Amino acid sequence: MRDKTESMTSVSAADGAHAQKRTSSFDVSAFIARNLQLLPVPGLQDIQLYTAHSGSRLSRLGGTDPDAPAPYWAYGWGGGAVLARHIAENPHLVRDRRVLDLGTGSGLVAIIAARAGATSVVAADIDENAIAAARLNAAANGVELDLLRADLLDGPPPSVDMVLAGDLFYDEALAKRALAFLETCRAAGIDVLIGDPYRAPLPKERLHCISEFSVPDFGLGGDGSEARAGVFSLATVPDL
Ligand SMILES: C[S@@+](CC[C@H](N)C(=O)[O-])C[C@H]1O[C@@H](n2cnc3c(N)ncnc32)[C@H](O)[C@@H]1O
């Protein structure tokens, strides 16, 4: 497993402070392997992910840090699910291409891209626990990912052919930054696909819906309820 986690310099100061509050002896990977269940992904039965359940005690991961990131990586999100389903059904979209999975969480979209024949897959997230989970999930599904703990949104377009963003438009401020970054990527000739269950901050007016699925979304309460979710490309010329 290639892992760029240690070499990152672009993690925010807040993230760094958070990392310091965690005792160095706490082994997040061991915690995930012990406390979460490796379960098949609905609609993608040959993929298994470490998934939270009622006894997972995920609150332990944050320790005493009130700013600890929410454990998004432990749940199934409609945006990642729809993107993963679309790529599984259309593997030519990523085959022989360099892919970035932006906001990888569990790593689901990255794993599907690797399975579909991408040349390389960078799985990026700002949450160190997500990186640990994505590493375990990649290994469980027999794929190689380049794991990157970083916030790429204020930087230049990455050296990839395709950026995939599953469920990254759940917060207004983040959605603005994500859209600006993805439009920069698009202007640089990089293909962009977004998966989202029509959350409020999704900039629908800037997107073309190319596919829809009904998929489970933890945002609906975690009872397996399904949401209508879309796969979107960016409009060619942003209406600025
Ligand atoms: C709702 S989860 C979706 C995870 C995954 N893509 C999926 O659909 O299952 C959003 C993820 O985006 C990550 N994230 C938030 N802001 C980010 C940023 N600026 N850069 C990279 N990842 C970010 C979060 O840590 C979280 O893991």
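Here is a short chat about a predicted model.

User: Hi! What average pLDDT does the protein have?

Analyst: Hello! This is a predicted model, and the protein averages a pLDDT of 89, with 88% of the residues scoring at least 70.

User: Where is the pLDDT below 50?

Analyst: That is the case over residues 5-20. Beyond near neighbours in sequence, this stretch has 21 contacts in the model. Where pLDDT is low, though, the predicted coordinates should not be read in detail.

User: Thanks. Now to helix α4: how many of its residues are buried?

Analyst: Eight of the eight. Helix α4 covers residues 108-115, and because every one of those eight is buried, the helix is largely enclosed by the rest of the structure. Among them are L108, V109, I111 and I112, and R115 is buried as well.

User: And what follows α4?

Analyst: G117 comes after α4, and the phi of G117 is positive, near 105°.

User: Switching topic: is A33 buried or partly exposed?

Analyst: A33, which lies in helix α2 (residues 28-35), counts as partly exposed because it has 15 C-beta neighbours inside 10 Å, and the buried class needs 20 or more.

Methods:
Residues numbered from 1 in each chain as written. Predicted model: local features only at pLDDT ≥ 70, side-chain atom pairs only at ≥ 80, totals over all residues. Buried ≥ 20, exposed ≤ 12 C-beta atoms within 10 Å, placed from the backbone. Helix = DSSP H or I, 4+ residues; strand = E, 2+ residues; numbered from the N terminus. pLDDT = per-residue confidence, 0-100. Contact = placed C-beta atoms within 7 Å.
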